[in-house]
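Dear colleague,

Please find below the structure that I am handing over to you, followed by an account of what was found in it. I would be grateful if you could read the text with the structure open beside it.

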Amino acid sequence: MAAWLGFLGYHCHAAVVSLSLVIALVHGDIEGKKNQVKNCDFFQGSWVFDHSLNPLYDSPSCPFIGGGFDCQKNGRPDKNYLKYRWQPNGCDLPRFNGIDFLEKYRNKKILFVGDSLSNNMWRSLICMLHSAVPNSNSIFGSQGLLSTFSLPDYGVSVNWLKNGFLIDMVYEKIGRVLKLDSISTGNQWLGADVLIFNSYHWWTHSGRLQTWDYFQYGNKTVKDMDHMEAYKIAMTTWANWVDKNIDPSKTRVFFQGVAAVHMNAKEWNDPNHRDCSEQTEPVKGSTYPGPGVPGEAILKSVLSKMTKPTYLLDITLLTQLRKDGHPSIYAGGSPKLIDCSHWCLAGVPDTWNQLLYAALLQ
């Protein structure tokens, strides 16, 4: 009898050990995946064609896309650009869940501050949230430089404040002056729970596209200087403002990063086209064959010296690879107007917001 009980005890002990081992393995696998995602570089990867992928919204379902971004409504004939999914090299991006986003940020304020690329990302996000709760009341409007969107049922507001330089531009007798070391409008940024800044493209303008006449830094006012040096000074001014004025326990700060433009098809070794026109698929692989974007290194350098945590949505590579994602001639204007800097909606900016969602989950 004692031998029989001993036999049962041995097998019970073995079963408990086996079950414990299985639980440990499963738990370890879950924790391993969590750590894998936590430690994964979301910004290194490639675009994968996915037949099952459908955009979360389109023109009929989202009235907020905006004319210049609505490529399908403006006559773009192909749709494969909507079927590419960003695949990081070492993990998978969490799937965007609009209801979860709204619950996590119930009664919170999200504010985009930047140029028309901020507008691009803002409209993408509000379309993604609207599609998650299509029957929920929404309020959309604009006043001056501020565009607003809110979902009263959740108490969530997602707004965009147009400000392409982040630092001050003032009108003086000599003309329009960019004050590289001055921010007097930062009080407009206070009170948000999430801030997403952007500034780069306006700094690259010259000639008739340039929207300023002089640079001012300290006691010096100059007609011209290296635009990237001016950008570095201005972003340092912005970074110092964040370090001085933002409480990380109350506000999370993001920088949208530098999005690529595709004005020269030679960059991706295409002798048959001049620019992004008629491009229907991304650059294959995880490396862009063309030159880097000067602003990317400058921005990373400035952010690395900040004392307050600022999360860089490092979208440069993933946009460099998407030569097919621009409105090109489908921006709603003249066919002679070719837009190779903004992005179709639905489209690439939805991935930017998926990256934002993943970062907010972390």
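Phenylalanine 112 touches residues from several parts of the sequence in this predicted model. Leaving aside residues up to four places away in sequence, its contacts are Ser118, Met121, Trp122, Leu125, Val158, Asn159, Trp160, Leu161, Ile196 and Asn353. Phe112 is also among the residues with the most contacts inside the largest nonpolar core, together with Val158 and Trp352. That core comprises 62 residues. Another core, of 38 residues, lies apart from it and includes Val253, Val258, Val293 and Leu303.

I turn next to the disulfides, of which there are four by the distance rule applied here. If the bonded cysteines of the chain are numbered in sequence order, they pair as 1-4, 2-5, 3-8 and 6-7.

Cysteine 62 is bonded to cysteine 127, with 2.0 Å between the sulfur atoms. The torsion about this S-S bond is about -80 degrees, and the disulfide of cysteine 62 and cysteine 127 is therefore left-handed. Because cysteine 62 sits in the loop between β1 (45-49) and β2 (84-88), while cysteine 127 belongs to helix α3 (residues 116-132), the pair ties together parts that are 65 residues apart in sequence. Cysteine 62 and cysteine 127 are both buried.

Cysteine 71 is linked to cysteine 344, again by a disulfide, with an S to S distance of 2.0 Å. This link is left-handed, with -90 degrees about the S-S bond. Cysteine 71 is found in the loop between β1 and β2 and cysteine 344 in the loop between α6 (316-320) and α7 (348-361), so this pair ties together parts that are 273 residues apart in sequence. Cysteine 71 counts as buried because its relative accessibility is 0%, and cysteine 344 is likewise buried, with a relative accessible area of 0%.

Cysteine 276 and cysteine 340 are joined by a disulfide with an S to S distance of 2.1 Å. The torsion about the bond between cysteine 276 and cysteine 340 is about -85 degrees, so this disulfide is left-handed. Since cysteine 276 lies in the loop between β12 (252-255) and α5 (294-304), and cysteine 340 in the loop between α6 and α7, the pair ties together parts that are 64 residues apart in sequence. Cysteine 276 counts as buried at 3% relative accessibility, as does cysteine 340 at 1%.

With kind regards

Definitions and conventions
Residues numbered from 1 in each chain as written. Predicted model: local features only at pLDDT ≥ 70, side-chain atom pairs only at ≥ 80, totals over all residues. Heavy atoms only, no water. Core = buried A, V, L, I, M, F, W, Y, C linked by side-chain atoms within 4.5 Å. Buried < 20%, exposed > 50% of the residue type's maximum accessible area, 1.4 Å probe, protein only. Contact = heavy atoms within 4.5 Å. Disulfide = S-S within 2.5 Å. Helix = DSSP H or I, 4+ residues; strand = E, 2+ residues; numbered from the N terminus.
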